[in-house]
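Please work through the following exercises with the model in view, and try each task before you read its solution.

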Amino acid sequence: MLIHDKIAAQLPAWRERVSRLVKNYGSYKVCDVTVEQIYGGIRDVQIQVTDISVVDPYEGVRLRGYTVPEVLQLLPKVPGAEYPLLGGLYYLLMVDELPTLEDALAVEAEWRTRNQIPAHVYNVLKTMPPDTHPMTLLSQGIMALQTNSVFSRYYSNGGAVKNDYWKAYLEDSLNLTACMPILAAFIYNLKYRNGDFIPPDPSLDWAANFAHMIGKDDPHYMDLCRLFFVIHADHEGGNVSAHTSHLVGSALSDTYLACAAGLNGLAGPLHGLANQECLRWLLKVREHFGGIPSKEQIAEFARAQLESGQLIPGYGHAVLRITDPRFSVQLDFAEKYCPDDELIVLVKRIYETLPDILKATGKVKNPYPNVDAINGALQYHYGVREFDFYTVLFGVSRVLGFTAHLVWARALGKPIERPKSLTTNMLEELVGLRPPADKG
Ligand SMILES: CC(C)(COP(=O)(O)OP(=O)(O)OC[C@H]1O[C@@H](n2cnc3c(N)ncnc32)[C@H](O)[C@@H]1OP(=O)(O)O)[C@@H](O)C(=O)NCCC(=O)NCCS
């Protein structure tokens, strides 16, 4: 198998590289941690290594060294498509090489052989109450698929070899990612289309098939899916969902367990759920003004919201200090295909207004839009209007990133994570506010 062989060929050099670092520079101090950072969500504390992607505050994410516009330009596309094949992106994330069209199609073909979902997975989801959030269903669906885990069987059969764990993780990763569009489409159809099931079309690629399976055969929507899934796939290792899946995987919980855990983090409103909140907010603004407000009206509305202590979804970021490039490439798509859509016009007007309002608060560190400030409006334009589903779309894509991190973490033999927690007394002792405890 292509990805397996490529990783296997790279591994000896990688293992040598890591062991040289640890052996020769093991005591080198990377950073100090302040009391403020401990209480401030361990922001900026450099605690892990991943080579899949990195986020620069002033440039945005680089996936295996490539910026978002470069990835969109350089990854192979099928004839007639303007956006890349996800098989190519997965190859890039896993293998750290730009794929040829043949490589990208080989991953797509591999996915097609692995996309069978057992009936019990569907049955689990069907028994849930109709108002269950789709992210809960996605997580449950992956947990139900866990009965397929190759790693779990390999480990529990005894005799598992540490240097080979990654091979079973890769099997699980390919099997799980192959199923993600089908699982997500099943959830969409179960919740919003009377359970109508549309089987995958073997002539379509991974992303376009998702569009097809929710009843949208519009080639522009298929391209939007390709764009959406490429730009949401990874955002380095420290964000809540990536870090969670990495942490859970470090206990040798298999790919399914680790990815479901990561998606549960993605389901939080400060993280992936922000895309549904953002669309809800756009609709609220439009309804409040009975149409598209002027910039002055937006400014007044936003100020009132901030003064009442509410967040404005889609703006701000823990790392970025610029307009998120993932926002910009979606805006390019919107300018091309639906510039006059009312919500897109609203998104643009908010973009022209809100950064100054947020800057004026004096506390928001990044006053610019993030990826979520527009993606819901694009989905809405193409008729995917059930906005509690938007985080599922994010999740389908993010599992590509999670699994690339997981495979490489096992390949490089990363150990179980166990940082240290302190008590408030201990911190007060450290800073001199309290005499050292009498240990006698
Ligand atoms: C993304 C986010 C969680 C980053 O949090 P962070 O790193 O703590 O952000 P900051 O350091 O800039 O926060 C400083 C202050 O500005 C506030 N702030 C940040 N973004 C804000 C926003 N969009 N609207 C209102 N206030 C915001 C924070 O709540 C914080 O206020 P506090 O000091 O009273 O607690 C935050 O910007 C946010 O909640 N954004 C809206 C949700 C969103 O779009 N999430 C998707 C992220 S991809």
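**Exercise 1: the whole chain**

Solution: Among the contacts in the protein chain with a separation of 6 or more, 74% are between residues 24 or more positions apart, where contact means heavy atoms within 4.5 Å. Before going on, note that this is a predicted model, in which local features need pLDDT of at least 70, side-chain atom pairs count only at pLDDT 80 or more, and totals for chains, interfaces and linings use all residues. Residues are numbered from 1 along each chain as its sequence is written, and side-chain values use heavy atoms, with hydrogens and water left out. Next, the protein chain has 20 helices and three strands, which are DSSP runs (helices H or I, at least four residues; strands E, at least two) numbered from the N terminus. Finally, 50% of the 440 residues of the protein chain count as buried, a word that stands for under 20% relative accessible area with a 1.4 Å probe, protein chains only.

**Exercise 2: one residue**

Task: find where Thr177 lies and what surrounds it.

Solution: Then look at its neighbours: leaving out residues up to four places away in sequence, Thr177 touches Tyr90, Trp111, Trp206, Val399, Leu400 and Thr403. Lastly, the side chain of Thr177 reaches the backbone oxygen of Ser173 at 2.7 Å.

Conventions:
Polar contact = N/O pair within 3.5 Å; in protein donor to acceptor, adjacent residues only side chain to side chain.
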